[in-house]
Amino acid sequence: MTQEINLKIKDKIAASERILIVSHVRPDADAAGSLLGLGLALQQAGKTVQMVLQDGADNFDYLPGSDQILRQAEGSFDMIVVVDCSDSQRVGHALDGYGAPDLVVDHHKTNLNFGANNVVEPEQVATAAILYDRIPEWGLAFNSDVANCLLSGIVGDTIGFRTSNVDASVLRRAAALMEHGADLAHIYREELVLKSYTAVRYWGAGLNRLLYEDGLVWTYLSLVDREKIGYAGNDDADLVNVLSAVREAEIALIFIEQTHNQVKVSWRAQPDLDVSEIAFSFGGGGHAAAAGADIEGDLQEVMTRVIEKTRELLDNSRK
Ligand code: AMP
Ligand code: MN
Ligand code: MN
């Protein structure tokens, strides 16, 4: 079956001249790294590639090719690829006016298989790890730029090889990408260590209001925080990873107020818990240990609803 799909995809790529690749809103390193890793490999094979992220790639200017990323697709394509998205809404407006994707490459267990071909491998730590396996099988090749982008995706989703799904085969893939020219220390520093002064002050706003109750830790970031501090993004600047450091917390949550009466929620859970289903029940998705949802409603109201449901999940897990 895998071999059959691989051959189909290989043929589709070979027959396509213009290829569009998109990934999700508020891109993380796996979204940007997978998009660019595949995009640059396709360019190296002589394809005309457009790479689109609705929210741009401002945090990823250390990645080769990031200056090519557009916020909206333009023109027509022979092949449309979506990476690191579990459903079609995750791309935001990036595919408005275009049909269903020819190919979806993803590792979310909540993936809805919304492409004509779906390479969905929930056991993989990152979409970039799937692409590492598939690039040669699809008739494409690595170079140091492709390797840097893919390793960046793996480092991002494993938070620097720290998640419980990292096994020896992940490290072997990372080592192979380094042999293709990826610079792990540079990726690590750019992606996980360095934050802008503004981003760290933005963390401060959230940390100031941090709450803890019986295994749950949470806080929120508001539109007012972003305006006051001058933080340009609409994300949490990875504050959720700081919350996950609270030893007493079995589940960490962050609520990020958005415009148009929307709230972005992120869940992070300790290894024996699964927060993907709860995220899915709120219209989002993700993995057992890390999941998210975009929920309609006022910040306080969404917080109340989500904390109540998360509390239920935690209580049930203790029974
Ligand atoms: P985040 O909390 O945004 O860092 O995301 C954690 C995981 O959940 C990632 O794998 C995301 O791709 C996934 N995720 C986040 N938000 C959504 C959403 N609205 N719909 C589906 N999956 C999401
Ligand atoms: Mn992602
Ligand atoms: Mn991912």
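User: Which helix does Arg 134 lie in?
Analyst: Arg 134 belongs to helix H3, residues 127-137. Bear in mind that this is a predicted model.

User: Is that arginine buried or exposed?
Analyst: Arg 134 counts as buried, because its relative accessibility is 7% and the cut-off for buried is under 20%.

User: And what is Arg 134 in contact with, leaving aside its neighbours within four places in sequence?
Analyst: Arg 134 is in contact with Thr 2, Asn 6, Val 119 and Glu 121.

User: OK, what about Trp 138, what is that in contact with?
Analyst: With neighbours within four places in sequence set aside, the list for Trp 138 is Asn 6, Ile 9, Lys 10, Ile 13, Leu 38, Leu 103, Val 105, Val 119 and Leu 131. Trp 138 is also among the members of the largest nonpolar core that touch the most other members.

User: How many residues are in that largest core, and which others touch the most members?
Analyst: The core has 51 residues, and alongside Trp 138 the top group holds Ile 21, Leu 38, Val 81, Val 105, Leu 150 and Leu 177. Helix H2, residues 29-44, gives the most to this core, with eight residues. Another core lies apart from it, with 23 residues, including Phe 255, Val 263, Phe 282 and Val 302.

User: Where do Asp 28 and Asp 84 lie?
Analyst: Asp 28 is in the loop between strand E1 (18-22) and H2, while Asp 84 is in the loop between strand E3 (79-83) and strand E4 (103-106), so the pair ties together parts that are 56 residues apart in sequence. Asp 28 is partly exposed at 29% relative accessible area, whereas Asp 84 is buried at 1%.

User: What does Asp 84 bridge?
Analyst: Asp 84 bridges the manganese ion that is ligand 2 and the manganese ion that is ligand 3, and the two ions lie 3.7 Å apart.

User: Then which protein donors does ligand 3 have?
Analyst: That manganese ion has Asp 30 (OD), Asp 84 (OD), His 107 (NE2) and Asp 157 (OD), lying 2.1 to 2.3 Å from it. Their spacing in sequence is D-x53-D-x22-H-x49-D. Distant parts of the chain are linked by Asp 30 in helix H2 and Asp 157 in helix H4, 127 residues apart.

User: Are Asp 30 and Asp 157 buried or partly exposed?
Analyst: Asp 30 is buried, with a relative accessible area of 0%. Asp 157 is partly exposed, at 22%.

User: You mentioned H4. Where does Val 155 sit, and what does it touch?
Analyst: Val 155 is in helix H4, residues 144-157, and counts as buried at 0% relative accessibility. Not counting residues up to four places away in sequence, Val 155 touches Gly 160, Phe 161, Leu 184, Ile 187, Tyr 188, Glu 191 and Leu 192. The C-alpha atoms of Val 155 and Gly 33 are separated by 9.9 Å, and these residues are 122 apart along the chain.

User: Now ligand 1. How many residues surround it, and which are the closest?
Analyst: 15 residues surround ligand 1, and the closest are His 108, Lys 264, Ser 266, Arg 268 and Asp 294. A side-chain N or O atom of Lys 264 is 2.4 Å from an oxygen atom of ligand 1. For a polar side-chain atom of Arg 268, the distance to an oxygen atom of the ligand is 2.6 Å, and for a side-chain N or O atom of His 287 it is 3.0 Å. Taken alone, ligand 1 exposes 470 Å², and the protein buries 88% of that.

User: Which strand gives the most to the shell around ligand 1?
Analyst: E11 does, with five residues. Strands E9 (262-269), E10 (285-286) and E11 (290-296) each supply at least two residues of that shell.

User: Last one: where is Ser 266 found, and is it buried or exposed?
Analyst: Ser 266 is found in strand E9, and it is buried, with a relative accessible area of 6%. Setting aside residues up to four places away in sequence, Ser 266 touches Val 240, Ala 252, Leu 253, Ile 254, Ala 291 and Gly 292.

Terms used: Residues are numbered from 1 along each chain as its sequence is written. Chains are lettered from A and ligands numbered from 1 in the order in which they are written. This is a predicted model: local features need pLDDT of at least 70, side-chain atom pairs count only at pLDDT 80 or more; totals for chains, interfaces and linings use all residues. Side-chain values use heavy atoms; hydrogens and water are left out. A nonpolar core is a set of buried Ala, Val, Leu, Ile, Met, Phe, Trp, Tyr and Cys residues joined through side-chain atoms within 4.5 Å. Buried means under 20% relative accessible area, exposed over 50%, partly exposed in between (1.4 Å probe, protein chains only). Helices (H or I, at least four residues) and strands (E, at least two) are DSSP runs, numbered from the N terminus. Contact means heavy atoms within 4.5 Å. Donors are N, O and S atoms within 2.8 Å of the metal (3.2 Å for Na, K and Ca); water is not among the atoms, so sites may look incomplete. A residue is near a molecule or strand if one of its heavy atoms lies within 4 Å of it. A polar contact is a pair of N or O atoms within 3.5 Å; within protein, one must be able to donate a hydrogen and the other to accept it, and residues adjacent in sequence count only if both atoms are side-chain atoms. Accessible areas come from the Shrake-Rupley method with a 1.4 Å probe; for residues, only the protein chains shown count as cover.
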